[in-house]
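Subject: Structure for your review

Dear colleague,

Please find below the structure that I am handing over to you. My notes on what was found in it follow directly after.

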Amino acid sequence: MIKVHDLYKEFSLNAKQRKELATKEKIAVAVKNISFECQPGRIYSLLGPNGAGKTTTLRMISTIFQPTSGSIEIGGVDAVRYPQEARKKIGFLTGSAGLYARLTPNELVKYFADLYGVDKATFEARKKRLYDLLDMHEFANKRIAKLSTGMKQKVSITRTMIHDPEVVVFDEPTSGLDVITAENIITLIRNCKNEGKTVIFSSHIMSEVDLLSDDIGIIHKGKMLFNGTKETFIQNKQEDSLTGEFIRIVKQG
Ligand SMILES: Nc1ncnc2c1ncn2[C@@H]1O[C@H](COP(=O)(O)OP(=O)(O)OP(=O)(O)O)[C@@H](O)[C@H]1O
């Protein structure tokens, strides 16, 4: 379970950032008082145009960023006050950055399993299941530096899942991947739901959102414009397609 209440995040902008953004403002507000809940056994899709505040929100949930104000509860733990406790319950996927390029997938995944105190037998069983699903055996002993973007993404996913977290947070999980790999990741996300995990993911791909979502959140310029079940979204929509309705809501917001 994820409970987000009145979450607010502002960043201080340094001189270089102010120049890049062509602004005189010293502060950028990325997330403005958003509240929502994600339930176990359900998948919550976080949608929004570029710069909406999705990654910032997911990073706060994953305890990478400290919110400016507001509260986050992860599986009953106050993630703002006790980030280390909350982190044990979370698997966070955010691109393939942060993989140790000199290690092999096997070495990296083992490193993270050890960090989380996963015992050997459980580790081997989980690793095999993930490697089978993501078709990873062939490159498991190659240096990560030599792997393709899709292969690195698979390594990131295995790292995210190796401690069997009860809450999974995927920031654009299929971005830049071929259709077969994307399909495997969609299967993995569905498996998470079927195992009773709480899943939240961000995406720009509407077909994926349609396939996976139980609940939908739409944010734009840091504000939550829609938060509800996919059924409610579909019942109330004024446009023919999900994409059309998404655009309508964002333009109205
Ligand atoms: N470290 C930072 N310092 C200053 N501003 C930031 C920082 N990180 C994000 N922002 C700003 O916060 C806003 C939200 O960014 P965020 O990355 O959360 O958006 P997003 O919805 O994930 O976008 P995208 O779909 O393009 O990935 C943007 O205006 C961005 O420029």
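Strand β7 (residues 167–171) and strand β8 (residues 198–202) run parallel and are joined by 5 bridges. One of the residue pairs here is Asp171 with Ser202, its bridge partner in β8. Please keep in mind throughout that this is a predicted model.

These two strands belong to an open sheet of 6 strands, in the order β6-β7-β8-β3-β9-β10, with mixed pairing. At its edges stand β6 (90–94) and β10 (223–229); each has a single partner strand, so one side of each is left without a neighbour in the sheet. From one strand to the next, the twist averages 15 degrees. Helix α7 (residues 179–194) lies across β3 (43–47), β7 and β8, and its direction is at about 150 degrees to β8.

**The four-stranded sheet**

A further open sheet has 4 strands, ordered β2-β1-β4-β5, and its pairing is antiparallel. Here β2 and β5 (77–78) are the edge strands, each pairing on one side only. Strand β4 (residues 69–74) pairs with β5 over 2 bridges in the antiparallel sense, and Ile74 stands opposite Val77 in β5.

Helix α2 lies across β1 (2–12), β2 and β4, running at about 115 degrees to β1. How much of α2 is buried? The count is 7 of its 8 residues, so the helix is largely enclosed by the rest of the structure. The buried residues in α2 are Lys54, Thr56, Thr57, Leu58, Arg59, Met60 and Ile61.

**The surroundings of the ligand**

There are 13 residues around the ligand, and those that come nearest are Phe11, Ala30, Asn50, Thr55 and Thr56. Two elements, β2 (27–38) and α2 (54–61), each give two or more residues to this shell. The largest share, 3 residues, comes from α2.

**Backbone angles to look at**

Most residues other than glycine have a negative phi.

- Asn33 has a phi near 50 degrees, although it is a residue other than glycine. Asn33 lies in strand β2, and it counts as partly exposed because it has 14 C-beta neighbours inside 10 Å.
- Thr63, which follows α2, has a positive phi near 70 degrees.
- Lys221 is not a glycine either, yet its phi is positive, at about 50 degrees. Lys221 sits in the loop between β9 (215–220) and β10; with 16 other C-beta atoms within 10 Å, Lys221 is partly exposed.

**The chain as a whole**

In total, the secondary structure comes to 10 helices and 10 strands. The radius of gyration of the chain is 19 Å, close to the 18 Å that the globule rule gives for 253 residues, so the chain is as compact as a globular protein of that length. Along its principal axes, the C-alpha trace spans about 50 × 45 × 35 Å.

Of the 253 residues in the chain, 38% are buried. Among contacts with a separation of 6 or more, 70% are between residues 24 or more positions apart.

With kind regards

Note on methods:
Residues are numbered from 1 along each chain as its sequence is written. This is a predicted model: local features need pLDDT of at least 70, side-chain atom pairs count only at pLDDT 80 or more; totals for chains, interfaces and linings use all residues. The radius of gyration is taken over C-alpha atoms; the globule rule is 2.2 Å times the number of residues to the power 0.38. A residue is buried if 20 or more other C-beta atoms lie within 10 Å of its own, exposed if 12 or fewer, and partly exposed in between; C-beta atoms are placed from the backbone. Two residues are in contact if their C-beta atoms, placed from the backbone, lie within 7 Å. A residue is near a molecule or strand if its C-beta atom, placed from the backbone, lies within 6 Å of it. Two strands pair if DSSP finds at least two bridges between them. Axes are lines fitted to C-alpha atoms, for helices over the stretch in contact, and angles run from 0 to 180 degrees between N-to-C directions.
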